[in-house]
Each structure stands twice: as structure tokens, then as C-alpha cells.
Amino acid sequence: MQRKRIYNPSSSENLSDRKIFKGNPHGILNFTKAKYIWALKLWDLMESNTWFPKEVDTTKDALDYRCNLTAAEKRMYDLVWSQLISMDSFQTNNLADNINPYITAPEINAVLARQAYEEANHSKSYAVMVEAVCDNTDLIYEMEKHDATLREKNNFISSIYEGLAEDVDDNKLLLAMVANQILEGVYFYSGFTAIYALARTGKMLGSAQMIRFIQRDEIAHLLLFQNMINSVRKERADLFHRANTDKIYEMFERAGELEIKWGKYITQNQIMGFTDDIIEEYIHYLIDQRLVAIDLKRLYNAKHPIKWVDDFSRFNDQKSNFFESKVTNYSKGSISFDDF
């Protein structure tokens, strides 16, 4: 598979001919004409969700970190940021270098570019939190050099991206989309939930608010790759053969094993409301949800064990701020996910 041409004036491709990949795009981005209408809706959603790390007040978090966190909570907090820093760093480069060059629908190219910006914005938010709150910024940014469990997880994620980027073909590109769905819909969630567990006890509320913004972005990214995969299924049903579906299940299973191991490692059964059993059930539940969304069968038939997490990540047009108990107008993100 060849990277698409940036400008291709000789293209005779019309709108109905447009494809997720292996199309023949002109190279002109025209928002008034799109085949994949869901991509335009996602662009509007992501644009309306625009936020900046400086919106979050970290003052009380710095005090909580110094005075109110237990040793186990402080350790977990540091490890969470190290993990998230790694994954968003991978994703910013992966989208620009490994995925977008082969996608031949310009409206999807635009949304992927927007996602890459948001991943970089997440990295900026982590820098704000770590610098304002934590004791040793350099250690958190270089944690994988010292922590074997974090390094194992990082190595697995990066090896998938690097492997899928070599000698790209139709099958590898489909699996790259699945790998992105796994990253957006599974790998982040132990970290998100760990921060929410602290906020549930009244600690690190600014950190939880930052995670809310980040998770809202990740839900949009998850929708992007779900729609890409499901559109490929319509265009190229031949790619969903037994070998590929077996590989997809294998990828999800291995991702679940690593995320469960990570969740147990960072919490060590010392975080209120976040036990080893809950971590395992929750990750299995997430995997089942992600599989169903791309028309595959559940692996675990797991139930949602910590529904209180959903209260932390939910934004409505007008609702009580979960952390401040006052009404805040959230006009951002008003498009319903039901549109997708």
C-alpha cells in the first residue's frame, strides 16, 4: 500500500467512489461535500469540545498531594501520569505518521488531524499537572526506564504500532485501526478510574476534572475508529476473514491482560472502591463493549462493576459540577453520541 498523494489534480474520483483507504483522492478538503457524514459530525463534536489545560485549577491538588494522599495513593498517582504521558505521546506520532498517510477520505483526514492535536493537548495537560503537583517531574517522564511493569506495557503498545507500520497492506491497516480502538477504549481506563477513585474520597479534584476533559476527547476518538472500522466492513467485507478476526480477538485479550495487570500493580489493593476483582471485571466489561461496537462477539459477558465512574466522565449541557456542587454551563460537546 502506498501513501496517498498530497495533491492529485488528475484524479477523477467522485464522491461515491471515495474509500477509507486505497482511494484516489484529489487532495482538496471540501467540507461541503463528504461521503462519510459521521466524520463531519465528529469534527463538530470535537470542535465544540475544545478546552485548554489552564482551565483546570490545580492549587488544591498540590496541597492534597503533599498532605492528604497516603503513600499508596501518591505512588499510584505518579504511575498514572507516567502511563498516560507515554500513551498520548505514542498516539500523537502514530496518527500523523502511521495512520493518516494511508487514509484516502479527506473528511476523515481532517478528523484524524484534529485528534492528533487533541492528543498533543493531553500531553500539555499532563505537563501542567505534573509540574504543579508532583515531587519529581523528571522521574515521572522517565518512569519507564525504572519501572519494569510500565516498560512492558509501553513496549507492547509501541511494538504493535511499529509492526503495523512496516510494509503496510490492507490487513495491517485494518488491524492498526483496531489497535487504536484498543488504545482509546481500553488502555486509558485504569488510569482514568484510578484518578476518579481518589476524587470520590474528596482528593485530587482538579486532576479528576482534567481527566474528565481528556476522557471526553477519548470517547470521540473511540467513535472515530469504530466508525472507520465499521465503514471498512461495508467496503471490504473480505478483510474480516477468520485470520483477521482471530487476530483482533487476540489483540483484545492481550490488551486486557496487560491493563488488568497494570491496574492491579498501580493500586495494590490499597485504593478504596478499586479492588483487584473490580479491575478485572471492569476491563473485561470494556473489552466486550468495544467488540460489540465493531460487530464482533463478546469475550467475557462481563457486567459493569463500578457505575459510579460514569458520573465522573459525563458532561451534559447543563448540570451540577460533580466536584464543586454548583451549576456550570457546559455548552461544549452538545452533540449526542446517538448520532453515530
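**A helix pair and its rings**

The crossing of H3 and H4 is left-handed, meaning that the near helix is turned anticlockwise from the far one by less than a right angle, where clockwise would be right-handed. Helices here are DSSP runs of H or I with at least four residues, strands are runs of E with at least two, and both are numbered from the N terminus.

Before going on: this is a predicted model, in which local features need pLDDT of at least 70 and side-chain atom pairs count only at pLDDT 80 or more, while totals for chains, interfaces and linings use all residues. Residues are numbered from 1 along each chain as its sequence is written, and side-chain values use heavy atoms, with hydrogens and water left out.

Helix H3 covers residues 71-99 and helix H4 residues 106-133; their axes come within 9 Å and cross at roughly 155 degrees. That makes H3 roughly antiparallel to H4, as angles over 145 degrees count as roughly antiparallel, under 35 as roughly parallel, 65 to 115 as roughly perpendicular and the rest as oblique. Axes are lines fitted to C-alpha atoms, for helices over the stretch in contact, with angles from 0 to 180 degrees between N-to-C directions.

Contact means heavy atoms within 4.5 Å. Among the residues making it are Tyr 77, Trp 81 and Leu 84 of H3, and Ala 116, Tyr 126 and Val 130 of H4.

Now the rings. How many aromatic pairs does a search of the whole structure find? It finds nine. Rings of Phe, Tyr and Trp (its six-membered ring) pair if their centres lie within 6.5 Å; planes under 30 degrees apart count as stacked, over 60 as edge-to-face and the rest as tilted. Tyr 77 and Trp 81 have ring centres 5.6 Å apart and planes at 85 degrees, so this pair is edge-to-face. Both residues lie in helix H3, four residues apart, about one turn of the helix.

Trp 81 also pairs with Tyr 126: the centres are 5.6 Å apart and the planes at 50 degrees, so the pair is tilted. This one links distant parts of the chain, from H3 to H4, 45 residues apart. Tyr 65, Tyr 77, Trp 81 and Tyr 126 form one aromatic cluster.

Trp 81 is buried at 0% relative accessibility, where buried means under 20% relative accessible area, exposed over 50% and partly exposed in between (1.4 Å probe, protein chains only).

Last, the backbone. Lys 22 has a positive phi of about 65 degrees although it is not a glycine. Asn 301, also not a glycine, has a positive phi near 50 degrees.
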